[in-house]
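Subject: Structure handover

Hello,

Here is the structure we talked about. Please open it alongside these notes.

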Amino acid sequence: MTVRTRFAPSPTGYLHVGGGRTALFNWLYARRHGGKFILRIEDTDEKRNTEEAHQVIYDGLKWLGLDWDEGPDKGGEFGPYRQSERSDIYAKYLARLELGGHVYEDGGAIRFRSPRKSVVVEDMVCGRIEFDMSNPATHPDMTIRRPDGSWIFHFVNVVDDIEMKLTHVIRGEDHLSNTPKHVELYNALGEKPPVFGHIPLILNHEGKKLSKRDGGSSITYFMEHGYAPEAVVNYLCLLGWSPGDNREKLTMEELLAVFDIDKINRRNAIFDLDKCFWLNGQHILSMSFERFVELAKPFVEKAAIAYGTNESLLAALAIVKPKVKHLSDVPDWIGFLFTEDFSFDSEAVEKSLNKAGAAGRLQALRTTLVNLSEWTHASLEAALKETATALGVKTGELVHPARVAVSGRSVGPGLYEMFVVLGKDRTLARFERASAKAAA
């Protein structure tokens, strides 16, 4: 049996992190077992049925690295993959229920007649659960088609899963209460239900379900705020799952090798943006330089930094990579390297350039550097230390004002790395500008 899983979002223009995690778990399960991952769009709500809303889903999943084998844009044997295009299929299944005497009309709506029996669900995550469906007061007959002819989620969801040959349905625990209703429909249609797995909810720090008001609740947030996709995938996996060996940082390859649905726990997961931020820094630090450039360059382009040649940009990115925690911060980290019209941080100026004797020490360092024949990290570091010794001061008395002189700030890339990227002439010119500013 080929494993077939799916992600079936509604196009709301907002891909929730919970949806992203559901897609990820289904994708991992399918890939781990050599199966197929299907994307289906549940767009029966015409008010939300726009191409822009669909695109948010496609963009978010692609950004996470979750490719699908069948879907609206790819087609497949069991399409169409948008519910708005499947009404004829639903009508055929309704006819099957009518033929079996499982439905009745109620005020223009079509309702499913519950058999009023207990339903047992063997859930991959929650275990064996028995649902008592005998009381119509607590479990009324569900509507499957409204008076206006539109279809209800429960019915079309089941029909689509049958038609698309789904073997496993992994979804949020908020759908657990719907499952016995779905099983009743499967039974009435004479179809075998898929294997269900209901994963824990994602809550905010107040213990409430994560909503649009919470920071980081959408995949778009991470895309716009400079998170690496691999870091977000890593973090989403840790929301209710762990590899069981106390590891926290995992690559996609490692996740594919160790992901096991048996290790999903029942406890609701607490969303912690600080933890995701930490993981992001770890992934950026360990990723290849080529990958860093690939992820950082769109933010540089968006900021319209006039970096000149690609070689110049690569040199700048190389010296900031160890420092960057958010890719969206890259323009700020490198912008000053490509313009002489950069601003000076007033606090940095006061602390370093306006310090007694700073201007004189800068001039002494400049004199040393003017006569330097080799402009490398090693030669520059040696020159600064020799100047500090000659002046009888600690190296910090030169490092701090020199940093402010060439960058306008007190924190940034390594000092000697900045000197190398700027080159001799531009570095010395910036020393002149800073000395004048200090003297003033």
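Is Cys237 buried or exposed? Cys237 is buried, and its relative accessible area is 0%. Keep in mind that this is a predicted model.

**Cysteines**

Searching the whole structure turns up zero disulfides. A disulfide is a covalent bond between the sulfur atoms of two cysteines. For Cys237, the closest cysteine sulfur belongs to Cys276, 12 Å away, so the gap is too far for a bond. Cys126 counts as buried, with 11% relative accessibility. The cut-off for a disulfide is 2.5 Å between the sulfur atoms.

**Overall form**

The chain has 440 residues, and 49% of them count as buried. There are 18 helices and 11 strands. The radius of gyration is 30 Å, whereas a compact globule of 440 residues would have one near 22 Å. The C-alpha trace spans about 100 × 40 × 40 Å along its principal axes. Take the contacts with a separation of 6 or more: 73% of them join residues 24 or more positions apart.

The largest nonpolar core holds 77 residues. Within it, Phe25, Leu61, Leu97, Ile144 and Phe155 touch the most other members. Helix 1 (residues 17–32) supplies the largest share of this core, with eight residues. There is also a second, separate core of 54 residues, and its members include Phe292, Val324, Phe336 and Leu428.

Ile144 is worth a click. Leaving out residues up to four places away in sequence, Ile144 touches Leu94, Leu97, Val103, Ile110, Phe112, Trp151, Ile152 and Phe155.

Gly20 is in helix 1. Gly20 counts as buried, at 0% relative accessibility. Beyond its neighbours within four places in sequence, Gly20 contacts Leu15, Leu64, Leu66, Ile219 and Leu236.

Thr220 belongs to helix 6 (residues 219–224). Thr220 counts as partly exposed, at 28% relative accessibility.

**Thr5**

Thr5 sits in strand 1 (residues 4–7). What is its relative accessible area? The value is 0%, so Thr5 is buried. Not counting residues up to four places away in sequence, Thr5 touches Asn26, Trp27, Tyr29, Ala30, Lys36, Phe37, Ile38, Leu166 and His168.

**Aromatic rings**

How many aromatic pairs does a search of the whole structure find? It finds 14. One of them joins Phe342 and Phe344, 5.3 Å centre to centre. Their planes are 35° apart, and the pair is tilted. Phe342 is buried, at 6% relative accessible area. Phe344 counts as buried too, at 15% relative accessibility.

Tyr221, Phe222, Tyr227, Tyr235 and Phe271 make up one aromatic cluster.

Two charged side chains sit over tryptophan rings. The charged end of Lys74 is over the ring of Trp68, 5.8 Å from its centre. Arg145 lies over the face of Trp151, and here the distance to the ring centre is 5.6 Å. Trp151 is also among the residues that Ile144 touches.

**Backbone points to check**

- The peptide bond from Gly79 to Pro80 is cis, with omega near 0°. Pro80 is in the loop between helix 2 (51–64) and helix 3 (87–99).
- Arg116 is not a glycine, but its phi is positive, at about 60°. Arg116 is in the loop between strand 4 (109–112) and strand 5 (119–123). Arg116 is partly exposed, with a relative accessible area of 23%.
- Asn246 has a positive phi near 70°, again in a residue other than glycine. Its place is the loop between helix 7 (229–238) and helix 8 (252–258). Asn246 is exposed, with a relative accessible area of 80%.

Best wishes

Key. Residues numbered from 1 in each chain as written. Heavy atoms only, no water. Phe/Tyr/Trp six-rings, centres within 6.5 Å; stacked < 30°, edge-to-face > 60°. Buried < 20%, exposed > 50% of the residue type's maximum accessible area, 1.4 Å probe, protein only. Lys NZ or Arg CZ within 6 Å of the ring centre and 35° of its normal. Helix = DSSP H or I, 4+ residues; strand = E, 2+ residues; numbered from the N terminus. Contact = heavy atoms within 4.5 Å. Core = buried A, V, L, I, M, F, W, Y, C linked by side-chain atoms within 4.5 Å. Rg over C-alpha atoms; globule rule 2.2 N^0.38 Å.
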